[in-house]
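Could you give me a friendly briefing on this model?

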Amino acid sequence: MQNLISNRLAFGFPLSKLLLLHPQKICTTRTRVRSFSASSVNQSRGGLPRFYSQILPHSKEGIVRVQGDEFWHMTKVLRLSESDRVELFNGTGGVVKGCIQRIDRAGLDFMALEDPKVIPLEGTQWHVYAAFGTLKGGRADWLVEKCTELGASSVTPLLTERSPSIAENRVDRLERVVLAAIKQCQRLHGMTLNPPIKVGSLLPIVAHSKLSFLAAAEATPLIGTLSSLRPDTGGLIIIGPEGDFTEEEVKLMTEAGAAPVGLGPCRLRVETATITLLSTLMLWSDSHSPHL
């Protein structure tokens, strides 16, 4: 598989929705508590605003420095101040609760109020290969954002005969979309945006995957195909461009092991087909997970 860009997680991009249900403030290691009414993020899991840091404290009372965009977001956008409680996460499953110990012009010091936790990555890891290089008007942004929210493990722009390229500045923008969406949807594990690849480079990846689904018109309905399968540790989702794959491309991918699946009677846009297939597979694999 292509080299991943997951290490490019030194981010701190503003969230689009800033709401918070009045968390408390706790000063360093003391017990002094005072009310907190600054605007912040309405977290779907827990009540503390969460921010990214590549480095987390090693243990309780450990301190790390927060600078750059995350520092700006915390102090200028959300107007957090010393003693406010927050969480830091590192994009690889690590998370820790703590508070802002000190703020200066260059950054702030975060102190852990507990030992960091590492949440393991579980469930089927779905890797999306979609030919969206020619999408206009923010539709590619929407596709990547929703893949992040739904829990895709990675997204790879697929270069095909009818979608042969993707602009480099588009890739940079999509990376920012991914990083903002990770914070928005409270993911502890980042989603990788891979470099674009051609169909020929995808074929060996398909051949080594036990689950590979290719969205195709007039193919067996997806639900019917899933009825005879069980999830694996990982799988591929392949979506063609506007105008669809060529017959030769479909032949190559099916011969490599991809299963053509239908997504209903209507012709779907690239982004609609991607989200339809991904959301169905996420729910299907989750329904087979051990915790149910």
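The second largest pocket holds about 570 Å³ of space. Of its 23 lining residues, A216, A217, D244, R267 and L268 are the closest to the centre. The model is predicted, so local features need pLDDT of at least 70 and side-chain atom pairs count only at pLDDT 80 or more, while totals for chains, interfaces and linings use all residues. Residues are numbered from 1 along each chain as its sequence is written, and side-chain values use heavy atoms, with hydrogens and water left out.

**The pocket**
- A pocket is an open set of points on a 1 Å grid over the protein atoms alone, where a 1.4 Å probe fits, with protein on both sides within 12 Å along at least five of seven lines; lining residues have an atom within 4 Å of a point.
- The lining of this second largest pocket has 14 nonpolar, 4 polar and 5 charged residues.

**Two helices**
- Helix α2 (residues 139–150) packs with helix α7 (residues 270–287) at about 5 degrees, their axes 10 Å apart.
- That makes α2 roughly parallel to α7 (angles under 35 degrees count as such).
- In contact (heavy atoms within 4.5 Å), residues of α2 including W142 and L143 meet residues of α7, among them I275 and L278.
- This contact of α2 with α7 divides into 8 nonpolar, 2 polar and 3 charged residues.

**Confidence**
- pLDDT is the predictor's confidence in each residue, from 0 to 100; the protein's mean is 84, and 83% of its residues reach 70 or more.
- Confidence is lowest in strand β2 (residues 33–35), at a mean of 31, and highest in strand β13 (residues 212–215), at 98.
- Over residues 1–45, pLDDT stays under 50.

Technical notes
Points joined across faces, edges and corners; volume = space filled by probe spheres on them. Nonpolar A, V, L, I, M, F, W, Y, C, P; charged D, E, K, R; others polar. Axes fitted to C-alpha atoms, helices over the stretch in contact; angles between N-to-C directions. Helix = DSSP H or I, 4+ residues; strand = E, 2+ residues; numbered from the N terminus. Parallel < 35°, antiparallel > 145°, perpendicular 65-115°, else oblique.
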